[in-house]
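Here are a few exercises to work through with the model open in your viewer. Try each task before reading its solution.

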Amino acid sequence: MPATEAKVKTRPGTKAGQASEFTLISKLKPGGAERIRGLLADGFTGERQTNTDRIATVHDLRFVIFDNDTRIIFASTFDGDWESYINDFATILPDEIDLLFHEFEGYPGIHSPEIKDWIVAQQVSAVGFYSAYPDASVREVWKALKAKKALDALLDSVN
Amino acid sequence: MPATDALLLDTSDIQATVLRPRPRPYRGQYVVLRIDEAPEGREMLRRLIPHVAPAEEWWAPTLPGWLGIAFTYQGLKALGVPQSSLDSFPEEFREGMAARATILNDVGINAPANWEYPFGTADMHVALAIYSNDDKSLEFVLERARQTHHDLPAISVVYRLKFSELPDGRNPFGFKDGLHNPHVEGGGSPVQPGSESSIKAGEFILGYPDELGEIATGPEPRELRLNGTFVALRKFHTKVAAFRKYLREQASSSAEEELIAAKMVGRWRSGAPLVLAPEHDNANLGADANRNNNFNYEDDIHGLKCPFSAHIRRVNPRDALKNDLVATNLHHFLRRGTNYGPPLPEGVLEDDGAERGGVFLLIGAHLKRQFEFVQSQWITDGNFISHGTEQDPILGNADGCGVFTIPKHPLRRHLHALPQFVTARGGEYCFMPGLRALKWLASLNDKGEKNAGY
């Protein structure tokens, strides 16, 4: 049945141009809030920044702890489609993902066959999603910034 | 004759410094006092009040000069203002300018640690601004001021700075200064031709509706705030030789030097605005008060005449940001500037070590959305004009790493490694009360209550 097929392929998340939002809301394991704060105390700097940059499809991401340290929101904006987004994370930074999501209640582990079903169950689609540059991917933004820098250098050298 | 608008403000109560321009020519002195005993502070104030110039007497002052008075938060405290009243002042005033350094981008050379005494310390209590036309008159008014505290040992003078007009009313860089101020609605000042509308009095004076239609409810009590306002005082040192040297390095002719200088300022040395005189200076235009502010940026939306980053286009964007979500009318203040120090002789490109620069009283009812907004968003940043972190070429503090963008066809020009031409020597937030509020302050007793009989 075509309708069922379509339903199976539909993943949560709202699109703006080629960008999608990803919002995951989950309960935390007891004491998880403190441990996540500890893990992220230095923010996305140094090695964590470099590693996350390697995904190259994520515009931004955030972890927000709420409800008296009992629940957490993971929210992100990414390029392309849902499947490869999860695959990218699992391929490039499996250990990092496991480390950060370990405190989410019921998290099965990035290599578990249950992982996608677990994510879908926790994911909530946004009712409103805005992007100032819906057609530009992370790579295009990076490239444009690089081009601007090069153009500035060129213009400076001629006048 | 320019039109004068109806007088709707109580100019017998508002200080002249708030509403009226400095005299021409001008000589004067800033005096900063410290109060160690509240009763002596109030005695000094009682004696001084008859000499404080109200706005209505600007044209025919009682004294041969004009005296303005303002208090820092520490000063109001030293006078014995009750804590409940002190607490009702806005946060930024209570903290003082030095504490706001991060917000104001007063970092690096401009950091409060490098300021002159008593700026940024708790010793700065009362600021007097005394203006006159000549040295003799100035001496007369200064003597009157001295007599108010000469026999009061708990009052000390902690700072003095003489100021005077430079030849032809120029600033130390050689540009005609004091050309523009917003027009205060109901203040009785002449309306100069230009496309800008009058600004509601409540933007500049407490007790009247502002541009949001609101009337200030603080500080308490009403007697203290009515007809008062806030002053951001800034003392700058100008590196005139560095400015001239940089122009010389960047230009291949003296005409080009002048053009680059005008691009940075947005006006030529005469005061002629680039929008009206894009190619050459025009001395007649510069000197004509009916024309030198009669412009906007409607015909210069690409900044080809006046760069987006030019000083005057940044600090007073007129209509330049009308398509952005910016309420320009909430970001005005009155500017009373004076120059100190000797002019650097023409043609000198080496620093002579002399202290020269300007002291500005930036006056408005809302320090946060006026002075602090303009300083942090328009002077020390460039994102609002899509220029990244580029700063004001004159007032920025990029410390030798500054960039200045000159839009041009077919290729824009960037000036690099802009030296810091202006450094902050100090600053403070002050409250400039109305005359009746000064009497209220003088009438407090040691319990912070008002004494009977006032």
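**Exercise 1.** This is a predicted model, so let's start with one helix: work out why helix α14 (residues 435-442) of chain B counts as largely enclosed by the rest of the structure.

*Solution.* Step one is the burial test: a residue is buried if 20 or more other C-beta atoms lie within 10 Å of its own. Step two, apply that test along the helix: Leu435(B), Ala437(B), Leu438(B), Trp440(B), Leu441(B) and Ala442(B) are buried. That makes six of the eight residues of α14(B), so the helix is largely enclosed. Step three, look for what does the covering: α2 (38-48) and α8 (222-225) of chain B are among the elements over the buried residues.

**Exercise 2.** Describe how helix α9 (residues 240-250) and helix α10 (residues 254-265) of chain B pack.

*Solution.* Begin with the geometry: the axes of α9(B) and α10(B) are 9 Å apart, and the angle is about 120 degrees. Angles of 65 to 115 degrees would count as roughly perpendicular and those over 145 as roughly antiparallel; α9(B) and α10(B) are therefore oblique to each other. The handedness of their crossing is right-handed. Now for the residues: α9(B) brings Leu247(B), Arg248(B) and Gln250(B) to the contact, while α10(B) brings Glu257(B), Ile260(B) and Ala261(B). Sorted by type, the residues of this contact come out as three nonpolar, one polar and two charged.

**Exercise 3.** Trace the strand pairings among β1, β2, β3 and β4 of chain A.

*Solution.* Start with β1 (residues 15-16), which pairs with β2(A) in the antiparallel sense over two bridges. Ala16(A) sits opposite Ala19(A) there. Two residues separate the strands of this hairpin, and Gly17(A) has a positive phi near 65 degrees.

Next, follow β2 (residues 19-27) across to β4 (residues 71-79): the two run antiparallel and are joined by nine bridges.

Val58(A) is partnered by Phe78(A) in β4(A). β3(A) and β4(A) make a hairpin with four residues between them, and in its turn Asp67(A) takes a positive phi of about 55 degrees.

**Exercise 4.** How many residues of chain A are in contact with chain B, and of what types are they?

*Solution.* Count the contacts: five residues of chain A meet four residues of chain B. Then sort the chain A side, which gives two nonpolar, one polar and two charged residues.

Technical notes. Residues are numbered from 1 along each chain as its sequence is written. Chains are lettered from A and ligands numbered from 1 in the order in which they are written. This is a predicted model: local features need pLDDT of at least 70, side-chain atom pairs count only at pLDDT 80 or more; totals for chains, interfaces and linings use all residues. A residue is buried if 20 or more other C-beta atoms lie within 10 Å of its own, exposed if 12 or fewer, and partly exposed in between; C-beta atoms are placed from the backbone. Two residues are in contact if their C-beta atoms, placed from the backbone, lie within 7 Å. Ala, Val, Leu, Ile, Met, Phe, Trp, Tyr, Cys and Pro count as nonpolar, Asp, Glu, Lys and Arg as charged, and the others, Gly among them, as polar. Axes are lines fitted to C-alpha atoms, for helices over the stretch in contact, and angles run from 0 to 180 degrees between N-to-C directions. Angles under 35 degrees count as roughly parallel, over 145 as roughly antiparallel, 65 to 115 as roughly perpendicular and the rest as oblique. A crossing is left-handed if the near helix is turned anticlockwise from the far one by less than a right angle, and right-handed if clockwise. Two strands pair if DSSP finds at least two bridges between them.
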